[in-house]
Amino acid sequence: MAQMNFGGVVENVVTREEFPLEKAREVLKDEVIAVIGYGVQGPGQALNLRDNGFNVIIGQRKGKTYDKAVADGWVPGETLFEIEEACQRGTIIQYLLSDAAQIELWPTVKACLAPGKALYFSHGFGVTYKERTGIVPPADVDVILVAPKGSGTSLRTMFLEGRGLNSSYAIFQDATGNAFNRVVALGIGVGSGYLFETTFEREVYSDLTGERGTLMGAIQGILLAQYEVLRANGHTPSEAFNETVEELTQSLMPLFAAKGMDWMYANCSTTAQRGALDWMGPFHDASKPVFEKLYHEVKVGNEAQRSIDTNSKPDYREGLEAELKALRESEMWQAGAVVRKLRPENN
């Protein structure tokens, strides 16, 4: 483990150089990794582990997702099983079902947790909010977490490109004395770029805040607000979308992803510099109270309870589809669909 200075704060990180893939294989050479759930994170993590030479099996109920696993090369009765059998066979159980499904299937999984096994999460939700989820692991198993900072699709795509997606790691319970080696080996195995230390609580608090904030909720809210103001002042859908979304995602994001926002500010026009520096303060001051309220709602468990209550409704899927349809069919994203078709690479 190395210590790195992040803006004056020292953090523990693990890199591929100090914990190479060969070491990860050695640590897990006698383990059977049972990936439970082949939905969002499951495919990326399982396929990367398999391609990296680990002993991986899948636990998935019959249906479309099971058929997807078969199409990806998992063999029924050899590397693909019903959930209970996979849990029994695995020495490491990667519990990658949705939060709602984790609650539903916890009694089945818990019954398979023999002493010395490891229970692995990619989200701290179930354990952190145990009073609401009922997920309380037995004391004689390792409880660990690797949380890639992106979707399972991104994890797989970057792996195939020879890159890595950064991940956090955490140890909630070290029953065997080997939890650190297990969690880091798994983090390297799933294709992490580097691993930074966290806790189950910090992971879920930051994750829920990020999803509702700058990663998804806030960004859509801000983009829509600017688009609406431009449209209300006579700008066409194409102009409003290009100035709001297209320039941001296609031109500016790659720049500040590669070199930082400070570099981008220093390398744009003086007019843009002045405006950005003058207006970032008002936007910060307007949005920070919203983020403070959001973090509070996450920390006290209200967001978790809303998620549990909503996902447990029998008509949840229908309501979700209606909301997503409204977003997809909004003028801004209809304009976006046309703009994307007009990109040079699509012509």
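Predicted model: local features only at pLDDT ≥ 70, side-chain atom pairs only at ≥ 80, totals over all residues.

Against which helices do the buried residues of H14 pack?

1. **Packing of helix H14.** The buried residues of H14 pack against helix H10 (200–212) and helix H15 (302–311). These buried residues are Leu294, Glu297 and Val298.

2. Helix H14 covers residues 270–299, and its 30 residues should span 44 Å at 1.5 Å a residue. The C-alpha atoms at its ends are 41 Å apart, which agrees with that expectation. After H14 comes Gly301, which has a positive phi, near 95 degrees.

3. **Glu297.** This residue lies in helix H14. Is Glu297 buried or exposed? Its relative accessibility is 17%, and since buried means under 20%, Glu297 counts as buried. When residues up to four places away in sequence are not counted, Glu297 touches Asn302, Glu303 and Arg306.

4. **Helix H10.** One of the partners of H14, helix H10, has 13 residues. From its first C-alpha to its last, H10 reaches 18 Å, close to the 18 Å expected at 1.5 Å a residue. Its buried residues are Phe200, Glu203, Val204, Tyr205, Asp207, Leu208, Thr209 and Gly210. The elements that cover them include strand S7 (118–121), helix H6 (125–128), strand S8 (142–148), strand S9 (165–173) and H14.

5. **Helices H11 and H12.** Helix H11 (residues 217–232) and helix H12 (residues 237–259) have axes that come within 8 Å and cross at roughly 150 degrees. H11 is therefore roughly antiparallel to H12. The crossing of H11 past H12 is right-handed. On the H11 side, Leu223, Gln226, Tyr227, Leu230 and Arg231 take part, and they meet Pro237, Ala240, Phe241, Glu243, Thr244, Val245 and Leu248 in H12.

6. **Helices H11 and H17.** How far apart are the axes of H11 and helix H17 (residues 331–342)? They are 10 Å apart, and the two helices pack at an angle of about 90 degrees. H11 is therefore roughly perpendicular to H17. The contact is made by Gln220, Leu223, Leu224, Tyr227 and Arg231 of H11 with Glu331, Met332, Trp333 and Ala335 of H17. An α-helix has 3.6 residues a turn, so residues three or four places apart point the same way.

7. **Helix H9.** Helix H9 (residues 179–189) is mostly covered, with 9 of its 11 residues buried. Those buried residues are Ala179, Arg182, Val183, Val184, Ala185, Leu186, Gly187, Ile188 and Gly189. Just after H9, Gly191 has a positive phi of about 105 degrees.

8. **Asn52.** Where is Asn52 placed? Asn52 is in the loop between helix H2 (42–51) and strand S4 (56–59). With a relative accessibility of 10%, Asn52 counts as buried. Apart from neighbours within four places in sequence, Asn52 is in contact with Leu21, Arg25, Phe159, Ile188 and Gly189. Ile188 and Gly189 are also among the buried residues of H9.

Definitions and conventions:
Residues numbered from 1 in each chain as written. Heavy atoms only, no water. Helix = DSSP H or I, 4+ residues; strand = E, 2+ residues; numbered from the N terminus. Expected span 1.5 Å × (residues − 1). Buried < 20%, exposed > 50% of the residue type's maximum accessible area, 1.4 Å probe, protein only. Contact = heavy atoms within 4.5 Å. Axes fitted to C-alpha atoms, helices over the stretch in contact; angles between N-to-C directions. Parallel < 35°, antiparallel > 145°, perpendicular 65-115°, else oblique. Left-handed = near helix turned anticlockwise from the far one by under 90°.
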